[in-house]
Amino acid sequence: MRLVFAGTPEPAVVALEKLIASRHEVVGVLTRPDARVGRGRSLRPSPVKAVAEKHGIEVLTPNSLKPGTEDGQQVRQWLSGLAPDAIPVVAYGNLITPDLLGIAAHGWVNLHFSLLPAWRGAAPVQAAIAAGDTRTGATTFRIDEGLDTGDVLATLEEDIQPTDTADDLLTRLAYAGADLLVETMDGLEDGAITPRAQDEEGASYAPKIQKEDAHIDWSRSAADVDRQIRAYTPGPGAWTLACGKRFKVGPLAAVEDVPADAAHDLRPSGLRPGELDIGKHGVWVGTATTAVRLAWIQPPGKKMMNAADWARGFNPAQLSQGADADDSDNERVVFQ
């Protein structure tokens, strides 16, 4: 089949490369415009654009697909000229308007990183980890006018490991999902796929991540805190406040990960939610249930570092400078 691929970030690259290597012909790529990055704010192409150009594939980077706009008109003419049989989509990031849905015989086929109808929306991997799901997967479906509501074409399942970060899980799903997308293209061409409607009764939603979503809530259980941190690692990064200063927190250390000659359970008792205990056996923080041990922390203006190294140079008096003199937490640091 003739394919136009639509995608933008790194997780979409695997799918594009698999499609290029398949029996199908990728005749064009739709991706987001070059973005300014880094301190110098220089323009950089999307990861998908870089791969497409390496393979000599024609690329279009419209700001919008809306009809009536200059970009929208260009997209319609471009797609009509390429005459694709299907348009596979992986994390494209642009709204596909209803009038475009029928431009290819097999439609726009999205690879979504959940088992639909679970976790429709922009952040399914993060939502699954934060919710404590033990199983997820990937789904290919035909895009319609709803939010990830189209007919399912194929699925695969994937276990969520107890230590998975969003990056860990997304990486595995990107590779497995790329193969699923190729298999879906094969099945559509061969007539071997029967689309099936989604069950609305099992639908859940994963909206776009807001910065406040990654603000650690130490008043929740240790298990909840652990999942929240892993769900937002590496981006946007789980964070907490101490005396008005923001710290990022990396995935927690396993509670059992203590020196071999140490006591069986070194967790300090009686810590309030968010309260720190810094000792020779680690940096511990209270939660609603039991203390958890930090493995990584990023102080303001610095890089992520080992929590034990941070603790060796930690000065509570410096941290509390500028805090309210009546604040009872000045003597004992509490993450909020």
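Predicted model: local features only at pLDDT ≥ 70, side-chain atom pairs only at ≥ 80, totals over all residues.

Modeller: Leu-116 counts as buried because its relative accessibility is 6%, below the 20% under which a residue is called buried. Leu-116 is found in the loop between S7 and S8, and, once its neighbours within four places in sequence are left aside, Leu-116 is in contact with Thr-139, Phe-141, Asp-148 and Gln-198.

Turning to the aromatic residues, a search of the whole structure finds 3 aromatic pairs. Phe-247 and Trp-310 form one that is edge-to-face, with 6.1 Å centre to centre and 70 degrees between the planes; this pair links distant parts of the chain, since Phe-247 lies in strand S13 (residues 245-249) and Trp-310 in helix H7 (residues 307-312), 63 residues apart. Phe-247 counts as buried because its relative accessibility is 3%, and Trp-310, at 8%, counts as buried as well. The rings of Phe-247 and Phe-335 have their centres 5.8 Å apart and their planes at 45 degrees, so this pair is tilted. It too links distant parts of the chain, with Phe-247 in strand S13 and Phe-335 in the segment after helix H8 (316-319), 88 residues apart, and both Phe-247 and Phe-335 are buried. Ring pairs link Trp-218, Phe-247, Trp-310 and Phe-335 into a cluster.

There is also a contact between helices to describe. Helix H1 (residues 10-20) and helix H2 (residues 47-54) pack at an angle of about 30 degrees, with their axes 8 Å apart, and the two helices are therefore roughly parallel to each other. On the side of H1 the contact is made by Glu-10, Ala-12, Val-13, Leu-16 and Glu-17, and on the side of H2 by Pro-47, Val-48, Val-51, Ala-52 and Lys-54. The residues of this contact of H1 with H2 divide into 7 nonpolar, no polar and 3 charged.

Technical notes: Residues numbered from 1 in each chain as written. Heavy atoms only, no water. Helix = DSSP H or I, 4+ residues; strand = E, 2+ residues; numbered from the N terminus. Buried < 20%, exposed > 50% of the residue type's maximum accessible area, 1.4 Å probe, protein only. Contact = heavy atoms within 4.5 Å. Axes fitted to C-alpha atoms, helices over the stretch in contact; angles between N-to-C directions. Parallel < 35°, antiparallel > 145°, perpendicular 65-115°, else oblique. Nonpolar A, V, L, I, M, F, W, Y, C, P; charged D, E, K, R; others polar. Phe/Tyr/Trp six-rings, centres within 6.5 Å; stacked < 30°, edge-to-face > 60°.
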